[in-house]
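Dear colleague,

I am handing over the structure below, and my notes on what was found in it follow directly after. Please read them with the model open beside you.

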Amino acid sequence: MIDYQGHFESAIEALHVEKRYRVFADLERIAGRFPAAVWRNGEESREITVWCSNDYLGMGQHESVVSAMTSTVSALGSGAGGTRNISGTSHPLVELERELADLHGKEAALVFTSGFVSNEASISTIAKLLPDCLILSDELNHASMIEGVRKSGARKQIFRHNDVAHLEELLKAADRDRPKLVVFESVYSMDGDIAPIAEIVALAERYNAMTYIDEVHAVGMYGPRGGGIAEREGLSHRLDVIEGTLAKAFGVLGGYIAGTKAVIDAVRSYAPGFIFTTALPPALAAAATASIRHLKTSQVERDGQQRQAARAKAVFAEAGLPVMPSETHIVPLLVGDADLCKQASDHLLETHGIYIQPINYPTVPRGTERLRITPTPLHDDALIDTLREALVETFTAIGIPFVGERPALEARSAGFMPLVVSKAGG
Ligand SMILES: *Cc1c(COP(=O)(O)O)cnc(C)c1O
């Protein structure tokens with residue numbers, strides 16, 4: 001007899017042993033009062049502050065987004081009614097794709113039901129349509145990109161994270177006439193570092209390769225119109241495919257790619273992950289369009305996010321908390337141990353009413369487990385100060401080292417250099 005249940009139970013037990021079994025908090029966000037939320041813990045329910053949301057700019061509760069969603073659902077109903085092949089494309093989706101093409105200065109765009117699906121479907125389809133394609137992939141690419149690479153069946157080579165010299169070595173060694181696809185991200189969301197996009201596109205041009213960039217953690221947040229890091233650096237036109245999500249800074253749901261008419265039409269026509277699944281509902285499309293339009297002209301949210309993220313980093317570093325270096329809005333604190341990371345997260349929630357999900361392997365390498373904090377424009381100075389106090393108490397109570405208290409681990413953890421406390425700058 002086969003012990004089916006036993007196989008599942010032992011898989012779960014392995015996660016418990018490694019102290020990386022994941023528990024999701026039962027939360028209810030409060031529209032109009034983000035980052036406040038209600039946390040339900042059995043019979044108890046209490047108000048807490050969320051510090052790890054990817055609703056980076058609070059657009060999920062923005063008046064224009066909420067009203068676009070509610071008015072569209074009232075007018076057009078809830079669902080899409082089918083795949084686009086079978087049921088046609090809802091008009092709000094047509095408008096959304098125009099808006100996205102414009103955002104990135106591309107000829108066309110194509111919307112998927114999530115960013116994950118957009119990466120998996122687009123990378124695999126693009127690589128399959130290029131004969132004998134060689135994929136060059138950054139070692140820290142997101143799971144959805146890795147799935148796309150794998151599903152393509154194409155040969156792949158991994159280049160060291162953001163290492164253009166290594167990428168050049170691989171490009172140089174490849175046959176000039178062989179199709180090549182370089183896949184990478186702009187903002188890497190666990191460390192908050194940024195790819196050297198200008199150098200990567202220059203290499204791609206020199207060695208005759210195509211580029212595919214994931215701007216999921218940058219769209220809405222960087223560039224004068226929210227077109228991402230590529231827009232900020234004036235590089236959008238030199239990238240072949242730009243991928244993004246509607247679910248993070250734009251505050252809704254869905255993913256997309258933007259590129260030339262030919263690439264977009266080919267993915268539309270060949271990608272099973274696009275063809276054989278129900279389209280995004282019209283209300284979500286309308287809400288996403290409202291969010292993108294708002295962020296094309298409003299700088300207030302972007303400025304607020306940058307200001308609060310910088311303040312959080314400075315305040316935490318001053319308190320001796322091990323802030324990992326980050327060039328962006330992401331504020332990672334090194335814990336370096338899965339069990340301590342989970343304990344810290346539980347303690348913050350139970351004792352301080354602060355929610356920060358532990359980030360453990362395989363999301364980040366073992367030994368670099370961390371608390372990943374994402375300040376938004378709606379996390380004001382008082383909330384940041386409250387969080388600092390809570391973190392200091394928690395690190396002390398749980399026994400997580402402050403800066404300088406674990407030279408061995410700090411030296412071993414890849415890339416870890418604590419921010420230097422600036423006494424002068426405050
Ligand atoms: C979250 C994420 C995705 C997936 O986007 P969803 O819209 O959430 O499916 C893709 N790439 C990266 C880098 C991400 O962090």
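The shell around the ligand divides into three nonpolar, eight polar and three charged residues, where Ala, Val, Leu, Ile, Met, Phe, Trp, Tyr, Cys and Pro count as nonpolar, Asp, Glu, Lys and Arg as charged, and the others, Gly among them, as polar. Please keep in mind that this is a predicted model, in which local features need pLDDT of at least 70 and side-chain atom pairs count only at pLDDT 80 or more, while totals for chains, interfaces and linings use all residues. Residues are numbered from 1 along each chain as its sequence is written, and side-chain values use heavy atoms, with hydrogens and water left out.

Of the 14 residues around the ligand, those that come nearest are Gly 115, Asp 214, His 217, Thr 245 and Lys 248; a residue counts as near if one of its heavy atoms lies within 4 Å of the molecule. Helix α5, residues 115-129, gives the most to this shell, with three residues; helices here are DSSP runs of H or I with at least four residues, strands are runs of E with at least two, and both are numbered from the N terminus.

As for polar contacts (pairs of N or O atoms within 3.5 Å), a backbone N or O atom of Gly 115 lies 2.8 Å from an oxygen atom of the ligand, and a polar backbone atom of Phe 116 is 2.8 Å from an oxygen atom of the ligand. Asp 214 takes part through its side chain, with a polar atom 2.7 Å from a nitrogen atom of the ligand. The ligand taken alone exposes 380 Å², of which the protein buries 85%, by the Shrake-Rupley method with a 1.4 Å probe.

Turning to the sheet, four strands form an open, mixed arrangement in the order β1-β2-β3-β14, where two strands pair if DSSP finds at least two bridges between them. The edge strands, each pairing on one side only, are β1 (26-29) and β14 (354-355). Strand β3 (residues 44-50) pairs with β14 in the parallel sense over two bridges, and Val 50 has Tyr 355 of β14 as its bridge partner. Helix α14 (residues 338-352) packs on the sheet and touches β2 (36-41), β3 and β14, contact meaning heavy atoms within 4.5 Å.

Lastly, a cis peptide bond joins Phe 34 and Pro 35, with omega about 10 degrees, and Pro 35 is found in the loop between β1 and β2.

With best regards

How values were computed
A polar contact is a pair of N or O atoms within 3.5 Å; within protein, one must be able to donate a hydrogen and the other to accept it, and residues adjacent in sequence count only if both atoms are side-chain atoms. Axes are lines fitted to C-alpha atoms, for helices over the stretch in contact, and angles run from 0 to 180 degrees between N-to-C directions.
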